[in-house]
Amino acid sequence: MSPLPSAAAIGVVGVPTNSAGTTDGVARAPAALRDAGLIEALERSSSVVDYGDLRLPEPSPVRDAETGVIDPDGLRTMVEAVRERVGRILSDARFPLVVGGDCPVLLGCLSSFGDAGDRGLLFVDGHEDAYAPERSTSGEAADMELGFALGTVDTPWWPELHARAPLVTAERTRLLGPRDRTAIEGYGQTPLGDPFSVRDASALARDPVAITSDAVDALSARRWWLHLDLDVLSTEALPAIDYPQQGGLSWGQLETVIGTALEAGPVGWDVTIYNPDLDPNGEHARRIVEFLGAMAPRLVYREG
């Protein structure tokens, strides 16, 4: 039997990071969503404690020759800062809502609780994000974070992560919504298959309740984290993203997926990839805030 939900507050933290090594684009998302009324939307149905936005060092856009990653020092610093802040939110008995930035915030979230045998991950994303650095066309860690988390990409240059790897096992990971298989193969990489459980965007759109329920049923015996990259949405639904693709979910389908997942009780949730530079009048920021506000009643701290 699952522990009874606690009435403790949501703990919100922003992570203004961009794996391209800049302070624009997705790095501006936490501030833009705050300006669009994020905290107020959450407070309409929930108690909220705002842990602020992390203060990160000035990034570098240079791709490191040794690691193949843009600004590896900044990446390491950001992940440790997220780990500390999410760990604090959990120790305060609050539900962490982590607002990125881009997807490598997930690494700090996963390492903030339990160990690889204890953690699970529901990865809802338009991309698999498991490239080896040398196979990435961009050098952005947002191409790679799932590979880092699963330990399929070796990181001897990152002692802290190397010592903890894997952050989550393949058996305790479920991927919903990727639609980049053809691109992965085109870059000479093998898409994730067995033992990874992957349900692509087309399958997820056909039956979001059943597929999401199956995924969380496989995870819910132990503690698990929910990751959402908003580019799982179609580009028509959310054009304010950096890497558009054909296909994807509608807002209604996404609300069904995330609502179903949240009802199953994750440890916490990160939301990433909105680019306010591509949203000059803020309409998509307001839509994201509306979505997060609608999900707020389901953000409940559960003791592990």
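First, a word on the source. This is a predicted model, in which local features need pLDDT of at least 70 and side-chain atom pairs count only at pLDDT 80 or more, while totals for chains, interfaces and linings use all residues. Residues are numbered from 1 along each chain as its sequence is written, and side-chain values use heavy atoms, with hydrogens and water left out.

Let us start with the core. A nonpolar core is a set of buried Ala, Val, Leu, Ile, Met, Phe, Trp, Tyr and Cys residues joined through side-chain atoms within 4.5 Å. Buried means under 20% relative accessible area, exposed means over 50%, and partly exposed lies in between, with a 1.4 Å probe and protein chains only. In soluble globular proteins, nonpolar side chains tend to be buried together. Which residues touch the most other members of the largest nonpolar core? Among its 93 residues, they are Leu-122, Phe-148, Leu-228, Leu-230, Leu-254, Ile-258 and Trp-269. Helix 3, residues 72-91, supplies the largest share of this core, with seven residues.

For Leu-228, contact means heavy atoms within 4.5 Å. Leaving aside neighbours within four places in sequence, Leu-228 is in contact with Val-124, Leu-254, Ile-258, Trp-269, Asp-270, Val-271, Thr-272 and Phe-291.

I turn now to the helices. Helices (H or I, at least four residues) and strands (E, at least two) are DSSP runs, numbered from the N terminus. The expected span of a helix is 1.5 Å times one less than its number of residues. Helix 3 has 20 residues and reaches 28 Å from its first C-alpha to its last, close to the 28 Å expected at 1.5 Å a residue. Its buried residues include Pro-72, Met-78, Val-82 and Ile-89.

What lies on either side of helix 3? Asp-71 is in the loop between strand 2 (48-53) and helix 3. Its phi is near 50°, a positive value in a residue other than glycine, and Asp-71 is buried, with a relative accessible area of 16%. Ala-93 lies in the loop between helix 3 and strand 3 (95-100). Ala-93 also is not a glycine, and has a positive phi of about 60°. Ala-93 is partly exposed, with a relative accessible area of 26%.

Helix 10, residues 251-263, has 13 residues and reaches 18 Å from its first C-alpha to its last, close to the 18 Å expected at 1.5 Å a residue. Leu-254 and Ile-258 are among the buried residues of helix 10, and both are in contact with Leu-228. After helix 10 comes Gly-265, whose phi is positive, near 85°.

Val-15 has its place in strand 1 (residues 10-15) and counts as buried, at 0% relative accessibility. The C-alpha atoms of Val-15 and Asp-53 are separated by 5.7 Å, although these residues are 38 apart along the chain. Beyond four places in sequence, the contacts of Val-15 include Met-78, Val-82 and Val-99. Val-99 is found in strand 3 and counts as buried, at 3% relative accessibility. Not counting residues up to four places away in sequence, Val-99 touches Val-12, Val-13, Gly-14, Val-15, Pro-30, Leu-33, Leu-38 and Val-271.

The bond from Ala-165 to Pro-166 is cis, with omega near -5°. Pro-166 is found in the loop between helix 6 (159-164) and strand 5 (173-176).

Finally, the largest pocket. On a 1 Å grid over the protein atoms alone, a pocket is an open set of points where a 1.4 Å probe fits, with protein on both sides within 12 Å along at least five of seven lines; lining residues have an atom within 4 Å of a point. Grid points are joined across faces, edges and corners, and a volume is the space filled by probe spheres set on the points. The largest pocket has a volume of about 450 Å³. Of its 22 lining residues, the closest to the centre are His-127, Asp-129, Ser-138, Asp-143 and Tyr-243.
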